[in-house]
Amino acid sequence: MNKDTLFSAPIEKLGDWTFDEKVAEVFPDMIQRSVPGYSNIISMIGMLAGRFVKSDTNVYDLGCSLGAATLSIRRNVQNCRIIAVDNSPAMIERCQRHISAFKSSTPVDVICADICDIEINNASMVVLNFTLQFLTPEDRQKLLTKIYQGLNPKGVLVLSEKFSFKDPQINELLFDMHHDFKRANGYSELEISQKRSMLENVMLTDSIETHKNRLKQAGFEHISTWFQCFNFGSIIAIK
């Protein structure tokens, strides 16, 4: 695993964040050291797939990055098709390699595309793992509604996100604890600051309440936060 040192030296001109070749190369190390509970979420997505995915249905991993959730799902299902989608060519190229490295009878379609352009149909499970936060706010409701319409009855959506909190004291506490987590994992103040500056215009977080209200508007009735660590977590919504 290549170590993430992308922001260890001062960068003269910080642009907006992109999932380019450099990020893709160190992504496994980056996300493990940056997102508290990430490994637990990935393994639990596989367990949820074992409960919800039905034979002869589709499973969608939207914003699949390097395919961690896809592989976790595939280890726990059979007789279905997984569609893994990401708009980053660098991520998709590595995702295809990772998927191909593990033999399985469950087919995976790895697609480089905008997730908003993907048709959702005959789905028993859809995963948005730290993906929705990179869409424009106006596109988020549209996508969730399309997912609901494409899910079969009793199908499940797993929505993992970084959260904001309406209570300023709680928001600041969990924000600071997340930075403590990154420091404990070896990131310097410079690395934390530079990455935050690059993300602030492209990753717009919502409160748990906002997410749940969107899901209700899309049509979901059974909604719950099933995992949370600091200001990161995951919501489950069942059709």
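A pocket, as the word is used on this tour, is an open set of grid points where a 1.4 Å probe fits, with protein on both sides within 12 Å along at least five of seven lines. The model on screen is predicted.

**Stop 1: the second largest pocket.** Its volume is about 240 Å³. Select Pro28, Gln32, Tyr38, Gly67 and Ala68 to find the place. Of the 14 lining residues, these five are the closest to the pocket's centre.

**Stop 2: the helices around the pocket.** Now select H1 (21-34), H2 (38-52) and H3 (68-74). Each of these helices supplies at least two residues of the lining. H1 gives the largest share, with four residues. Colour the lining by class next. Eight of the residues are nonpolar, five are polar and one is charged.

**Stop 3: the cysteines.** How many disulfides does the structure hold? The count is zero. Select Cys64 and Cys95 and look at their sulfurs. Cys64 is in no disulfide, and the nearest cysteine sulfur, that of Cys95, is 4.0 Å away.

Is Cys64 buried or exposed? Cys64 is buried, because its relative accessible area is 2%, under the 20% cut-off. Finish at Cys229. This cysteine has 22% relative accessibility, so it counts as partly exposed.

Terms used: Residues numbered from 1 in each chain as written. Predicted model: local features only at pLDDT ≥ 70, side-chain atom pairs only at ≥ 80, totals over all residues. Heavy atoms only, no water. 1 Å grid on protein atoms, 1.4 Å probe; cavity = no way out; pocket = protein on both sides within 12 Å on 5 of 7 lines; lining within 4 Å. Points joined across faces, edges and corners; volume = space filled by probe spheres on them. Nonpolar A, V, L, I, M, F, W, Y, C, P; charged D, E, K, R; others polar. Disulfide = S-S within 2.5 Å. Buried < 20%, exposed > 50% of the residue type's maximum accessible area, 1.4 Å probe, protein only.
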